[in-house]
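This report goes through one protein chain, element by element. Please keep the sequence and the coordinates open while reading.

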Amino acid sequence: MRAAPEQRYAASSASSASGGYRGTCEAGGAITLQDRYTILPQLLGEGSSAKVYRGLDVKTGRHVAVKVYRDTAGMSMASFKTSIEVRSTLGRPVRTRNPSVLDKMNFKGWFVELLGFSNDAQTGAAGVDPDSGWLYIVFELGGENLEDRLAACARERRGLALQELRALHWTLVSVVCGLQRHGLVHLDIKPTNIVRFPTGSGLWRWKLIDLDGVSKGGVLVRFGDVTFTPPYMSPELASVYVKAGPGRAKDCGLVLAPSMDVWSAGMCALEAALLAQVYNSRYLEWRQSTGSDVKFLEWLGNPSNPPVLSGKLRENVSAMDPDMCDLLEGMLTADPAKRFSATQCLRHRWFTPLLAPAGARPADPTSGHPAAKAPAAVAWAPTPCQRQVPLQIQNNKNNNTTTTTNNNNNSNNNNSNSNSSSIQTAVVGAPIEPVEAVGRELLQPKVAATRVCVAM
């Protein structure tokens, strides 16, 4: 189906600070945490459970992002601990008896780097800082998020260069693989959660931020306990709601799977190619007319829907690059049993040009390649956000989460339950592995993916 017409994108400023926090950083002077991280009186963004401020690491002289949680108990504490645990898990090697190619790859560079956090005075473990009385996490500070990047391209009516588009798609697939390798599912991969970080020498890398809502994959959870944004959620997730019916879905059980993240990553990848949000206007229109998400979820979970890539839309994407079109079709197959797996995506021939000769640096994804032709009508609107209570990684208890957005441009992310802006937490200067060190073995011509027929 074709993307529905959308309103022109208009950047919005971050909403003003609200009360309820243990102290404030905007009104007074600078506050220094752990004798190292000085919080500057500049609010980068806020969500339902936390605010993010610009900070300064006085030891290194680098700016950082400091996420201060709204309170120190209940959902805020669970969200705080989940973010720390997930980022720690993503940095650990996976040991298996018969390691696959996926197990040998290093994916930690595709996730926001955690630099520090508040500690309990008695145990030294993650907890309430005794001096400030706060729960906080310090992240590396990044640049623009993907939504802002695509909005800028849409305003200028220029598509992303094919090489930049390919590098972005590689990031999205690598994020899903990194989560899958550790048995985790994100469920809320979307443009505002993908942020650019400089890596030195004028290069940069996209990374996933906002880890508060990550859950264990392969376990039974309640539908009402997962985090998602409707325009990017998978059809099988929506079908749980459809089968249960309004008012009863929150107590239904479902098993989270990496294929759900593949769909969300595929939607982001398609929007980057089109410079238009595929399902956003439909969702906003129906939500405005009905006052709820029910109509959109019922439509998304309907197995009789046509494929996402069909008709003129498919022709346009195939004209950009047939290999890219093949990958996106595989990622956006409605039937999860027929959808490309994360490993199939990494093996796809669309990524073969990313491989540099052995020992060489990968090419700068921002230079040297012709721009993909943008559709005649480009449009971008701020992404709506449906944030539900996510799960703890270990004990599956209810947990709170924050929505993220660009820290440089302070753009809002419209929340379906509030008007607060979202938060971007980001990072500067982490060492980044070159592409060939991450996945050369996967991208051999002999394992190029075949086309998946979409059967709805």
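Which helix is included in what covers the buried residues of H7? Helix H8 (294-300) is part of that cover. The model is predicted, and the sections below describe selected parts of it.

## Overall content

The chain's secondary structure comes to twelve helices and twelve strands. Of its 456 residues, 58% count as buried. Among contacts with a separation of 6 or more, 75% are between residues 24 or more positions apart.

## Helix H7

H7 spans residues 280-290, and its buried residues are Asn280, Ser281, Arg282, Tyr283 and Trp286. Helix H8 (294-300) contributes to covering them. Just after H7 comes Gly291, with a positive phi of about 80 degrees.

## Strands E8 and E9

Strand E8 (residues 194-200) and E9 run antiparallel and are joined by six bridges. In one of the pairings, Val195 has Lys207 of E9 as its bridge partner. The two strands form a hairpin with two residues between them. Ser201 lies in the turn and has a positive phi of about 60 degrees.

Strand E9 (residues 203-208) is largely enclosed by the rest of the structure, because six of its six residues are buried. In a regular strand, side chains alternate between the two faces of the sheet. In E9, Leu203, Arg205 and Lys207 point one way, while Trp204, Trp206 and Leu208 point the other way. Both sets are buried, including the charged Arg205 and Lys207.

## Helix H3

Helix H3 (residues 146-156) has nine of its eleven residues buried, so H3 is largely enclosed by the rest of the structure. The buried residues are Leu146, Glu147, Asp148, Arg149, Leu150, Ala151, Ala152, Cys153 and Ala154. The cover over them includes helix H4 (162-181), E8, E9 and H6.

## Packing of H6 and H10

Two packed helices are described by the angle between their axes and the distance between the axes. For helix H6 (residues 258-274) and helix H10 (residues 322-331), the angle is about 145 degrees and the axes are 8 Å apart. Their crossing is left-handed. On the H6 side the contact is made by Val262, Trp263, Ala265, Gly266, Ala269, Leu270 and Ala273, and on the H10 side by Met324, Leu328 and Met331.

## Cysteines

How many disulfides does a search of the whole structure find? The search finds zero. Cys153 has a relative accessible area of 0% and is buried. Cys325 counts as buried at 1% relative accessibility.

An unreviewed UniProt entry lists Lys67 under "binding site". Lys67 is placed in strand E4 (residues 63-69). In the model Lys67 is buried, since its relative accessible area is 3%, below the cut-off of 20%.

Leu135 lies in the loop between strand E5 (114-117) and strand E6 (136-140). Is Leu135 buried or exposed? Leu135 counts as buried, at 0% relative accessibility. Leaving aside residues up to four places away in sequence, Leu135 touches Lys67, Val68, Tyr69, Asp71, Thr72, Ser76, Met77, Phe80, Ser118, Gly127 and Val128. The listed Lys67 is therefore one of the residues in contact with Leu135, at the cut-off of heavy atoms within 4.5 Å.

Methods: Residues numbered from 1 in each chain as written. Predicted model: local features only at pLDDT ≥ 70, side-chain atom pairs only at ≥ 80, totals over all residues. Heavy atoms only, no water. Buried < 20%, exposed > 50% of the residue type's maximum accessible area, 1.4 Å probe, protein only. Helix = DSSP H or I, 4+ residues; strand = E, 2+ residues; numbered from the N terminus. Pairing = 2+ DSSP bridges. UniProt positions renumbered as here; feature names shortened; annotations may be inferred. Disulfide = S-S within 2.5 Å. Axes fitted to C-alpha atoms, helices over the stretch in contact; angles between N-to-C directions. Left-handed = near helix turned anticlockwise from the far one by under 90°.
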